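Notebook open, model loaded. I am going through a handful of residues and then the overall picture.

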Amino acid sequence: QVQLVESGGGLVQPGGSLRLSCAASGSIFSIYAMAWYRQAPGKQRELAADITAGGSITYADSVKGRFTISRDNAKNTMYLQMNSLKPEDTAVYYCNARGPASPKGRGYWGQGTQVTVSS
């Protein structure tokens, strides 16, 4: 079992920055692939960024060049640095952890943190 707690969401103006954190507990963090998903009102949840246990990273085209995903295995924490935020980035952001044999979209989820980009 893995427990995930997100933090760092809030209200920011267009062009601003936020840093999300996901603190994990309950298992060996370093073996899990981690990801950030987001869900905007009326839309399906989508993958924003993914980082494997080995450090391979994938970004959605919509966030590439603006968002940076990282992980600190010593702190059992994953981060999402979000720069040049746009109103269309407004969503609930969810932390996800999946085991080595699990496909993307499966595994454990946090409760989500709201990000609102608005002037």
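**Thr77 and what it touches.** I started with the contacts of Thr77, skipping anything up to four places away in sequence: the list is Ser21, Cys22, Ala23, Phe29, Arg71 and Asp72. This is a predicted model, so I keep that in mind for every entry here. Thr77 sits in strand E8, which covers residues 77–82. Buried or exposed, I wondered about Thr77? The relative accessibility is 10%, so Thr77 goes down as buried, the cut-off for that being under 20%. I also checked what the side chain does: one of its polar atoms lies 2.8 Å from the backbone oxygen of Lys75.

Ser21 was on the Thr77 list, and I looked up its own contacts next. Ser21 belongs to strand E3, residues 18–25. With neighbours within four places left out, Ser21 is in contact with Val5, Glu6, Ser7, Trp36, Thr77, Met78 and Tyr79. Thr77 and Met78 are among them, and strand E8 runs over residues 77–82. The relative accessible area of Ser21 is 19%, which makes it buried; the limit is 20%, and the value has to be under it.

**Two positive phi values.** Next I went through the backbone angles. Most residues other than glycine have a negative phi, so I noted the exceptions. Asn76 is one of them, with a positive phi of about 55° although it is no glycine. I found Asn76 in the loop between strand E7 (67–72) and E8. Asn76 has a relative accessible area of 26%, which puts it down as partly exposed.

Ser84 is another residue other than glycine with a positive phi, near 50°. Where does Ser84 lie? I placed Ser84 in the loop between E8 and strand E9 (91–98). At a relative accessible area of 40%, Ser84 is partly exposed.

I stayed in the loop between E8 and E9 for Glu88. Glu88 is exposed, with 57% relative accessible area. I then took a C-alpha distance: Glu88 and Pro14 are 74 residues apart along the chain, and their C-alpha atoms are separated by 9.6 Å.

Pro41 lies in the loop between strand E4 (33–39) and strand E5 (46–51). I have Pro41 at a relative accessible area of 72%, so it is exposed. Its C-alpha atom is separated by 8.6 Å from that of Thr90, 49 residues apart along the chain.

**Arg98.** I looked up Arg98 with its charge in mind, and found it in strand E9. How accessible is Arg98? Relative accessibility is 7%, so Arg98 counts as buried. Which side chain does Arg98 meet in a polar contact? I got Asp50, with a polar contact of 2.6 Å joining the two side chains. Asp50 is also on the contact list of Arg98, together with Tyr32, Ala33, Pro103, Lys104, Arg106 and Gly107, again not counting residues up to four places away in sequence.

**Zooming out.** Then I did the element count. For the extents of the C-alpha trace along its principal axes I wrote down about 40 × 30 × 25 Å.

I checked the contacts by sequence separation as well: of those between residues at least 6 apart, 56% join residues at least 24 apart. The share of buried residues came out at 42% of the 119.

**Surface and charge.** Last entry. The accessible surface of the protein is about 6,000 Å², and carbon and sulfur atoms hold 49% of it. On charges I counted 12 positive and 7 negative side chains, with the centres of the two sets 3 Å apart.

Technical notes:
Residues are numbered from 1 along each chain as its sequence is written. This is a predicted model: local features need pLDDT of at least 70, side-chain atom pairs count only at pLDDT 80 or more; totals for chains, interfaces and linings use all residues. Side-chain values use heavy atoms; hydrogens and water are left out. Buried means under 20% relative accessible area, exposed over 50%, partly exposed in between (1.4 Å probe, protein chains only). Contact means heavy atoms within 4.5 Å. Accessible areas come from the Shrake-Rupley method with a 1.4 Å probe; for residues, only the protein chains shown count as cover. Lys and Arg count as positive and Asp and Glu as negative; His and the chain ends are not counted. The place of a charge is taken as NZ of Lys, CZ of Arg, CG of Asp or CD of Glu. Helices (H or I, at least four residues) and strands (E, at least two) are DSSP runs, numbered from the N terminus. A polar contact is a pair of N or O atoms within 3.5 Å; within protein, one must be able to donate a hydrogen and the other to accept it, and residues adjacent in sequence count only if both atoms are side-chain atoms.
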